[in-house]
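Here's a quick briefing for anyone opening this model for the first time. Have a look at the sequence and the fold, then read on.

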Amino acid sequence: MQLTAEQTDALQEIVNIGVGQAAGMLSEMISFRIHLQIPEIELLSLSELQERLKNTLGEDQLSAVHLDFAGSFSGSAQLVFPTDSAANLVSVLTGEDRMSPDLNDLKISTLSEVGNIVVNGVMGSISNILDRPLDYAVPSYIEDDIEHLLPIDRTQSDAAVLLAQARFRFEGLQVQGDIVLFFDVGSFKMLLDAIADVN
């Protein structure tokens, strides 16, 4: 499946709106502004996604927050960080030194909250702009290599995967992460139809 330029632009705009809202909420959690940018959005197969994440985030263990959604569209969303970026982000948000023994205790709850804000911002933007209600499961936190991070029930060869490369920019700190949205083909076609109706 290929996206047209118009579909790509529309998806990029919707995701950017959600990411902008999430950045505003994250900025309220700390004492300085967070800039969160999505340089590009791509439609990939699962095998292409694995290779892309290995190339951009590395082959070591990754940190991810996973959220299932259902309703007008069904699928799952993940916010995925390299371990170093995850540690940097938690350190900034909590004020704990990266070497602190307490950092690991804070990491799961902090990253789960960040992932929940970002993923809900993106999915909420899709739901609101397209006027398609969605229900969300409780987010879960995972640390594993990329082969084991992909949702088990979404590993069909015909699944549609949207990859949005996220860049969190703080004062003097760059944190890299990727937002990954998994749809079955039927749901993704419904998403594109909804975008066409709005435009």
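Predicted model: local features only at pLDDT ≥ 70, side-chain atom pairs only at ≥ 80, totals over all residues.

Residues are numbered from 1 along each chain as its sequence is written, and side-chain values use heavy atoms, with hydrogens and water left out.

**Helix α2**
- Helices here are DSSP runs of H or I, at least four residues long, numbered from the N terminus.
- L46, L49, L53, K54 and L57 are buried in α2, meaning under 20% relative accessible area with a 1.4 Å probe, protein chains only.
- Down the axis of α2, the buried residues fall within an arc of 130 degrees (taken from the directions from the axis to the C-beta atoms), so they line one face of the helix.

**Residue L57**
- L57 sits in α2, which covers residues 46-57, and has a relative accessible area of 8%.
- Leaving aside residues up to four places away in sequence, L57 touches L62, V80, P82, Q176 and D178; contact means heavy atoms within 4.5 Å.
- L57 and V80 are 23 residues apart in sequence, with 8.6 Å between their C-alpha atoms.

**Nonpolar cores**
- A nonpolar core is a set of buried Ala, Val, Leu, Ile, Met, Phe, Trp, Tyr and Cys residues joined through side-chain atoms within 4.5 Å.
- The largest has 50 residues, of which F168 and I179 touch the most other members.
- Helix α4 (residues 103-130) gives the most to this core, with nine residues.
- A second, separate core of 16 residues includes L49, L62, A159 and V161.

How values were computed. Helix = DSSP H or I, 4+ residues; strand = E, 2+ residues; numbered from the N terminus.
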